[in-house]
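Subject: Handing over the structure, with notes

Dear colleague,

Please find the structure below, with the sequence beside it.

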Amino acid sequence: MRGMASSRAPQVVLADDDVLLREGVASLLARSGFEVVGQAGNGTELLALARSARPELAVIDIRMPPGHGTEGLTAARVIREELPGTAIIVLSAHVEVNEAMDLLAGGERLGYLLKSRVTDVAEFIDTVKRITAGASVVDPSLVQELVRARRRRDPLDVLSPRERQVLALMAEGASNAGIAQRIFVTEGTVEKHVRSILTKLDLPESETDHRRVLAVLKFLEAR
Amino acid sequence: MNAPETGADGTNATGAGAARNSPDQARLRRLADQQAALRRVATLVAGGARPAEVFTSVADELGHLIGAEATFVSRVDVSSPGRGGPGPPGSPAADPSGGRREAERHMTVVGSYGRVRDEVPIGFRTRLQPGMASNAAIQTRHSARINGEELANGPFGAIVGKLGMRAAIATPIVVEGRYWGVTVAATSRADFPAGTESRMADFMELAATAIANAQADQELRELADTQAALRRLATLIARGEPPEAVFAATTREALWHFGHGTARMIRYEPDGTATLLANEGSTGPHVRAGKPWEGYSPTGLTATVLRTGRAVRVDDYRGVPGGEPYLREGLRSAVGMPIHVNGRLWGMIAIGSGEGPLPPDTEQRMTQFTSLVATAVTNAQNRADLMTSRARIVAAADETRRRIERDLHDGTQQQLVSLILELRMVEATVPAGLGELRSKLSRLAERLAGVSDQVREISHGIHPAILSSAGLRPALRALGRRSAVPVDINVRIDRRLPEPVEVGAYYVVSEMLTNAAKHARASVVAVDAETSGGTLRLRVRDDGTGGASPLRGSGLTGLKDRIEALGGMFSLHSPEGGGTAVCCELPVPEGGQPGAGHGQ
């Protein structure tokens, strides 16, 4: 589906039991060049919808009826298995690293974001587009929590402040080009930073950005 | 025995003064012998001899004094009729009187002299019947003599024949004005000489004092023993030992004090079944404590106490239909005492003996034990009720927090996000010429986003959603990451624990981290949590200033309450300048669901 003509608006399904909020997001996406092809109020409805609509993107609230637990995460796993071409964004009121890693283990084109990110419209739309284009994205606040966690013997102490910044952006799912753009350096400089970080932290070189996200998250969680 | 030999026919067998033998001299000598015999008995009593020794000594001295080949000292007791079968050799069915029987007298041999132990052992018990010298002595309150055919054809004909006895004299023993028992002397000669009755009576009158003293001592000792046992049990109960321990200890004491074979505690269940709670003694059923007590005879103690709610005794299982299993177990007699708790029949204690009927005061003496058991059960029930109600209060508080978190999350926060989104939409539709309005709307949206963040933090503090969704390990790690003080977390738990336990442990760590950062100025906190053998052990310690006290109204007080409400143990160690450590142990069911969301 990624190879489809870019002239057609990407199709989206939404799942959230809060109708007002769901409609808000739908209208936001519609105004930003997406075609909302269906909305669901729980995981079961979402799966039926996704199977029939086969959308490019699913935006899912993690907490839905009946259990108000992590139904969205479960649905995301099923969609990823049945429709690997569908990009998935899971929105949550609280971001937790185990949920992020759980989701991102599913491959690329996955996003795990705080729900309130939708209110920062421009950035949210940009993130959604990056994810549909192939990136994996983790909410910056979760990455900040992981990076800022205080440790007695902190392995991150070997990194320079700049390298820490680059590491955080790697964890958020930014590509080297994206990082270069964010910190106003050349892509070559970013590559050097990345190599240095991987060496210092003894992390393996990853073939894809999404694998890199997962590796960095794992490292940060376990440190 | 060193008692001087005195001829049965009244002649002096020692020889020296035989030639100058005169009635006065013989009387004097007999008196001297009697005095010597009494002195020896009294010396025994003064030395603290057990009653059994004293009774044997009395029988012994009496035998020598009157030249009998066999003597018996027996205790006589009166048992009210209709309490199970009488003792051997009779049986209830053989009782000719039928209908309402009079009070029965039994005698129990407590001391004997002569080669009689095989036929009539100590503890031998029999009902007093017509044709017995003892019966006559008790009835007439005077010495009674039986010999010849009358003896040979009497109730003891067989035993008398075996022992080769031809004459017997029985004399009542009166202790402190009450008919205490009877003493019997027997000889293989044709008969005792005339006047033997009065010599026996004289001796026994004086020996009664020794018996009274020995018995008083014994009663005192038994009383002291009983009191000590009751004190031990009361201590167990006051300490709040588990009921099982109290049951076992009470049953052990009951066997020690009253039983001669076995002691059992049985609980009646609301569904009509019975449970064996404790079993003590050499003989016992093949039922383990805590297991159903089944197949008991409808005429046995368990069924009868359940039916009547009263103390029940069986004097001889041979006379009880369905008593065979107890006989096979080696039991002859038993007493069952009901235990009432809050006015309801709760259970019973039964003691059994391989010998004749249990002493008549058994029921009365056991009452103290059964009331202690009732106290223990009531205490345990009250304690359990208290625990349940504490746990309920904690659960209700947790539930409230969860509901508030859900309301904030699903209501307030969602609405805020919706509002901000709408505001953003409005902002986007503002015409290009109204730049100031647009930026005002934008600032409004940002401030609302700030409120939304605050609500998120508050709701997370009220109840962390991750605890419910992923369990203790991820929740503690998240807590550690957000802590201002570095935390070393070591969690070895491979499964989900009951929610109240997870929540309790979470709050302990949370409170300790807050304390470490706010008050203790610690540089590191170590958190260890592991489950093993049905227990969650949680240890949190910091290297801060210490001096934390639950009494100073810190959040630590609430933790102790919470952990104890879950049946757990909470201890705080926080010496001034020595850091703060909290140790908790919480019971958790073994096994349980496998861990969810522990993908790390």
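The notes below go through the sheets, the helices, the contact between the chains and a few backbone details.

First, some conventions: residues are numbered from 1 along each chain as its sequence is written, while chains are lettered from A and ligands numbered from 1 in the order in which they are written. Please keep in mind that this is a predicted model, in which local features need pLDDT of at least 70, side-chain atom pairs count only at pLDDT 80 or more, and totals for chains, interfaces and linings use all residues, and that side-chain values use heavy atoms, with hydrogens and water left out.

The sheet of chain A

Helices (H or I, at least four residues) and strands (E, at least two) are DSSP runs, numbered from the N terminus, and two strands pair if DSSP finds at least two bridges between them.

Chain B has an open sheet in which 5 strands are arranged in the order S12-S13-S14-S16-S15, with mixed pairing. Its edge strands are strand S12 (487–492) and strand S15 (569–573) of chain B, each of which pairs on one side only. Strand S13 (residues 525–532) and strand S14 (residues 535–542) of chain B pair in the antiparallel sense over 8 bridges, and along this pairing Val525(B) stands opposite Asp542(B), while Asp528(B) stands opposite Arg539(B). The hairpin of S13(B) and S14(B) has 2 residues between the strands, and Gly533(B) takes a positive phi near 55 degrees there. S14(B) also pairs with S16(B) in the antiparallel sense, over 8 bridges, with Arg537(B) opposite Glu585(B) in S16(B). Two helices lie across strands of this chain: helix H13 (residues 472–482) of chain B lies across S12 and S14, running at about 180 degrees to S12(B), and helix H14 (residues 499–518) of chain B lies across S12, S13, S14 and strand S16 (580–587), running at about 5 degrees to S14(B).

Helix pairs in chain B

Two packed helices are described by the angle between their axes and the distance between the axes. The axes of helix H10 (residues 362–429) and helix H11 (residues 435–462) of chain B come within 9 Å and cross at roughly 165 degrees. That makes H10(B) roughly antiparallel to H11(B), given that angles under 35 degrees count as roughly parallel, over 145 as roughly antiparallel, 65 to 115 as roughly perpendicular and the rest as oblique. The axes of helix H1 (residues 23–46) and helix H6 (residues 196–238) of chain B come within 10 Å and cross at roughly 10 degrees, and H1(B) and H6(B) are therefore roughly parallel to each other. Among the residues that meet in this contact are Leu38(B) and Val41(B) of H1(B), and Phe203(B) and Leu206(B) of H6(B).

Where the chains meet

In this model, 36 residues of chain B are in contact with 36 residues of chain A. The two chains bury about 3,100 Å² between them, 51% of it on carbon and sulfur atoms, where buried area is the accessible area (1.4 Å probe) that two parts lose on being put together, summed over both.

Backbone details

A cis peptide bond joins Pro65(A) and Pro66(A), with omega about 5 degrees. Pro66(A) lies in the loop between strand S3 (57–61) and helix H3 (71–82) of chain A, and His68(A) is placed in the loop between S3 and H3 of chain A too. The phi of His68(A) is near 50 degrees, a positive value in a residue other than glycine.

Methods:
Contact means heavy atoms within 4.5 Å. Axes are lines fitted to C-alpha atoms, for helices over the stretch in contact, and angles run from 0 to 180 degrees between N-to-C directions.
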